Amino acid sequence: MTDGAPRGVAILGSTGSIGTTALRVLERQASRFRVVALTAHRNAALLAEQAARFAPGYVGLVGNGGGSVGAAAGWGCGTDCLVEAATRADADIVLNSVVGAAGLDATLAALSAGKRVALANKETLVVAGELVNATARTGGGELVPVDSEHSAILQCIAGRPQHEVRRLVLTASGGPFRTWSRERLERATLADALQHPTWSMGRKITVDSATLANKALEVIEAHFLFGIPYERIEVVVHPQSVVHSFVEFVDGSVLAQMGVPSMELPVLYALTHPDRVSDTGVPPFDPVELGPLTFERVRGDDFPALGLGMAAGRTGGAAPAVFNAANEQAVALFLDGRIGLLDIPRAIEDALGRLAGAPGGTREALLDADAAARRVVLERHGR
């Protein structure tokens, strides 16, 4: 990294798992970065603690009575605060860890303003990948992935031209249900779904990992990040979560990025890319301690969300937005105890069957498809 004043970082979703991880990273890297903006959705108490600790120039609360709580604290309030934080003049990097399609406008605004977006909000690319990439080109912004799988691919490709890449292989832990039978999956509870074996994450993404919908989102994200066709992107189950992804090149060589299962490393790399720093605070890699490493094929019939999402990606248009919105709405119903685990892919399939052909050329069309998919799931499954 170049010497000089610390670079300003705005964190959208600072009270979530990625946001709190990022703040730990930034606290260790205070000579290189400074926190200039923080936003949260509901957790006003934790946001207040973070604001007191890091003294950012801007604080915003999106929901949870933001009008009264935020106003009393002098914070920005409502959904506009995401874009306000993302476009501040003192924000060189915007780390977007907002959950769901709600992060789209902030990503577009930051890219239009020529900023680096450290993207942990994969739904941004799933919903509007072509629009996001076009905005980055015209606005001069830069997308750097935070997801461990895409960070791994970025590091393996290391600037090599696209025509040299034969295949991307994303790894999936398999989640808590990797060894469960289909019959047992029908009886899975929310408590079961939240018991992820290797990662500590928010409730929504943990459920997505359990159904493998998260891996479908990551396949679509990889397509837009690296320009690789869907037929050359694959998924393999790797329970230890040590190998984060593989890249196979046209000569048959395969590079893998490995590391301890800690989100601090991909968060830090998204901030420093293409440079690396030594004072990470992450324990050293011990291949003996972390081994043995195993790999398994995905059980597509038992985890249909993955195939549905990949098919939506190949369909294009608004289909990925429909997939994402239907999944978000179905997961919300599951978290509320209103549907079962396997009702999630059923709801997704229903929405795609009705809306996959919807147009998706503009932000408005994509958001219309998003809203329509949520209505389908609520009307047909939100009993």
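Asp208 counts as buried, because its relative accessibility is 1%. Buried here means under 20% relative accessible area, exposed means over 50%, and partly exposed is in between (1.4 Å probe, protein chains only). This is a predicted model, in which local features need pLDDT of at least 70 and side-chain atom pairs count only at pLDDT 80 or more, while totals for chains, interfaces and linings use all residues. Residues are numbered from 1 along each chain as its sequence is written, and side-chain values use heavy atoms, with hydrogens and water left out.

Back to Asp208. Its side chain meets that of Lys204 in a salt bridge (2.6 Å, N to O). A salt bridge is a side-chain nitrogen of Lys or Arg within 4 Å of a carboxyl oxygen of Asp or Glu. Lys204 is also buried, at 14% relative accessibility. Both residues belong to helix H10 (residues 203–211), and because they are four residues apart there, about one helical turn separates them. Helices (H or I, at least four residues) and strands (E, at least two) are DSSP runs, numbered from the N terminus.

The structure holds 24 salt bridges, so let's look at some others. Asp105 and Arg363 join their side chains in one at 2.8 Å, N to O. This pair links distant parts of the chain, with Asp105 in helix H5 (residues 104–112) and Arg363 in helix H17 (residues 363–381), 258 residues apart. Asp105 is partly exposed, with a relative accessible area of 30%, and Arg363 is partly exposed too, with 29%.

Next come two strands. The side chains of Arg167 and Glu234 form a salt bridge (2.9 Å, N to O). Arg167 sits in strand S8 (residues 165–172) and Glu234 in strand S9 (residues 233–237), so this pair ties together parts that are 67 residues apart in sequence. Arg167 counts as partly exposed at 25% relative accessibility, and Glu234 is partly exposed at 35%.

Now for a spot picked out by a database record. In an unreviewed entry, UniProt lists Asp147, Glu149 and Glu218 under "binding site". These residues span 72 residues in sequence, yet no two of their C-alpha atoms are more than 8.4 Å apart, so they gather at one spot. A word on the record: UniProt positions are given in the numbering used here, feature names are shortened, and annotations may be inferred rather than shown by experiment.

Asp147 is in the loop between strand S7 (142–145) and helix H7 (148–157), and counts as buried at 9% relative accessibility. Glu218 lies in helix H11 (residues 213–226) and is buried, with a relative accessible area of 2%. Contact means heavy atoms within 4.5 Å. Leaving aside residues up to four places away in sequence, Glu218 touches Lys122, Asp147, Glu149, His150 and Leu170. With that exclusion again, Asp147 touches residues including Leu119, Ala120 and Lys122.

Last stop: another loop. Asn121 is found between strand S6 (116–119) and helix H6 (123–139). At 0% relative accessibility, Asn121 counts as buried. Not counting residues up to four places away in sequence, Asn121 touches Asn96, Val98, Val99, Gly100, Gly103 and Leu104.
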